[in-house]
Amino acid sequence: RTARFALDPAFTVGAVDPRLFGSFVEHLGRCVYTGIFEPGHPSADTDGIRTDVLDLVRELGVTAIRYPGGNFVSGYKWEDSVGPVDERPRRLDLAWRSTETNRFGLSEYIAFLRKIGPQAEPMMALNLGTRGVAEALELQEYANHPSGTALSDLRAAHGDKDPFGIRLWCLGNEMDGPWQTGHKTAEEYGRLAAETARAMRQLDPGVELVACGSSSQSMPTFAEWEATVLTETYDLVDHVSLHAYYQPVDGDVDSFLASAVDMESFIENVVATCDHVGAKLKSKKRINLSFDEWNVWYLLEHQKEAAENPLDWPEAPRLLEDNYSVLDAVVFGSLLIALLRHADRVTVACLAQLVNVIAPIMTEPGGPAWRQTTFYPFSQASRYGRGEVLDVRVDSPTYPTEKYGEADLLHATAVRAADGSVTVFAVNRGRAEPLPLEVALNGLALTEVVEHSALADADPDARNTLDDPERVTPHPVEGTTLQDGTLDAVLEPLSWNVIRLR
Ligand code: AHR
């Protein structure tokens, strides 16, 4: 059976916020140390930033970069991470049972963003686990106040005369999770988030604030948590956060392939909860969503390993270094499609994480950097997924899944750029059969297929590694046609597809 949908410029979802293509750098494992920062590496610049990684970060096309955690932030003292490097303290990082040297800190993070280029925007998480309003305000003053106060002058004395201009702030991280240092009830967190937000707006009404939502849709407190937190913070914050990670459970690959069904329902349920609170408060304001952690993550395996071999406080250990297959990249692409399909409300999203730790970019200390399979869907979506998302309602053959019942074989979205060109992003979840696709292009003056690129492989387990870093790359697909307003393509089994039309 053929999968079908129609595109029409009159039916749109919304404009893509560039920050949908954000990422995340946490002090965790080798994301920072020997990831982005490795003084002495042959490619390192005078600040110790690996320029081979910097080049890949630019190619990946990331925008907002969330920092410094994650779970790490709930024990973070920002003061430790500024000033002369030799005087910075070594600290225990309770979240990852590691030792934090603070050789890379706030100033280095901002310098890293500036090196990436103007597309990179800071997204700073605050410690609301073990700290509170006062420390948040101090960090805000140190980072953003121009000069003439103790903390802004301290920043200048540390070598950063210009303010960092951090506009986007996360009010804590995963505060609903019992694993979080300083975990709180929704009532406790809601009050703290509200008071922090109120104080930060006294300093600068222009800040953009993200309140913590649930760590996943399966948390027992899900939805009630959001409702309680937003009741306290509705007028004070701009976004609520969502986090989701996916992996095959008990070898159930068919359900894994349909992970975006969960992601889309999560988004829709959070939107419903936000709007319910807004309606109760009789507010005209709309809260948007910051999906500030998402990815494929083989979490269950890592949790087992951590329970069996607890770490003895090493520096920058190899942690959570998942090596992604073609199968993982197809699911990953489908998660990107889910985000784009909800671009009207998901205005920030961060791929967790950027380098080495569940990441699209891998490095070897002293050695090369390379692209994982997941690098490609992200870089293509970031490059071609800018503009207006068109409303795509697929009529697709389905397949049975244990977790989600009948799921569509086709998962798709389409983005119309300012110049009128359109890019279709499509995944064939079918493992055995190619999927014929027919798209009616109503009212779109498109005449030509510029490119059909696919990520697929006869071996769905194929991966890129240190020894074979280019084993998997996207390939061109022949035979895709656009005639009389109809696009015809065939999607290979288990494939991520980018079809560019003009
Ligand atoms: O991204 C890895 C971890 O996942 C983050 O530190 C935490 O916020 C989440 O549980």
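Biologist: Is Trp313 buried, exposed or partly exposed?

Modeller: In this predicted model, Trp313 is found in the loop between helix 9 (299–308) and helix 10 (326–341). Its phi is near 60 degrees, a positive value in a residue other than glycine. A residue counts as buried at 20 or more other C-beta atoms within 10 Å and as exposed at 12 or fewer. Because Trp313 has 15 such atoms, its class is partly exposed.

Biologist: How many other C-beta atoms lie within 10 Å of Ala316?

Modeller: Ala316 has its place in the loop between helix 9 and helix 10, and its phi is near 40 degrees, a positive value in a residue other than glycine. The cut-off for a buried residue is 20 or more other C-beta atoms within 10 Å. Ala316 is buried because the number of these atoms is 24.

Biologist: Which residue is joined to Ala352 by a cis peptide bond?

Modeller: Ala352 belongs to the residues that surround the ligand, among them Glu26, Asn173, Glu174 and Glu293. The cis bond has an omega of about 0 degrees, and it joins Ala352 to Gln353.

Biologist: Where is Gly70 found?

Modeller: Gly69 and Gly70 are both among the residues surrounding the ligand. The peptide bond from Gly69 to Gly70 is cis, with omega near 25 degrees. As for its position, Gly70 is in the loop between strand 4 (64–67) and strand 5 (91–93).

Biologist: How many residues of strand 11 are buried?

Modeller: Strand 11 (residues 288–296) pairs in the parallel sense with strand 10 (residues 239–246) over 7 bridges, and Leu289 of strand 11 is the bridge partner of Val240. Strand 11 also runs parallel to strand 12 (residues 346–352), joined by 4 bridges, where Trp294 has Leu351 as its bridge partner. Strand 11 is mostly covered, and the buried count among its 9 residues is 8.

Biologist: How many residues are nonpolar on the side of domain 1 that touches domain 2?

Modeller: The chain is divided into domain 1 (3–9 + 391–501) and domain 2 (17–384), and 33 residues of domain 1 are in contact with 29 residues of domain 2. Strand 16 (398–401), strand 18 (410–416), strand 19 (422–428) and strand 25 (495–501) each supply at least two residues of the touching side of domain 1. On this side, 8 residues are polar and 7 charged, while the nonpolar residues number 18.

Terms used. Residues are numbered from 1 along each chain as its sequence is written. This is a predicted model: local features need pLDDT of at least 70, side-chain atom pairs count only at pLDDT 80 or more; totals for chains, interfaces and linings use all residues. Domain bounds come from an automatic or database domain assignment. Two residues are in contact if their C-beta atoms, placed from the backbone, lie within 7 Å. Ala, Val, Leu, Ile, Met, Phe, Trp, Tyr, Cys and Pro count as nonpolar, Asp, Glu, Lys and Arg as charged, and the others, Gly among them, as polar. A residue is near a molecule or strand if its C-beta atom, placed from the backbone, lies within 6 Å of it. Two strands pair if DSSP finds at least two bridges between them.
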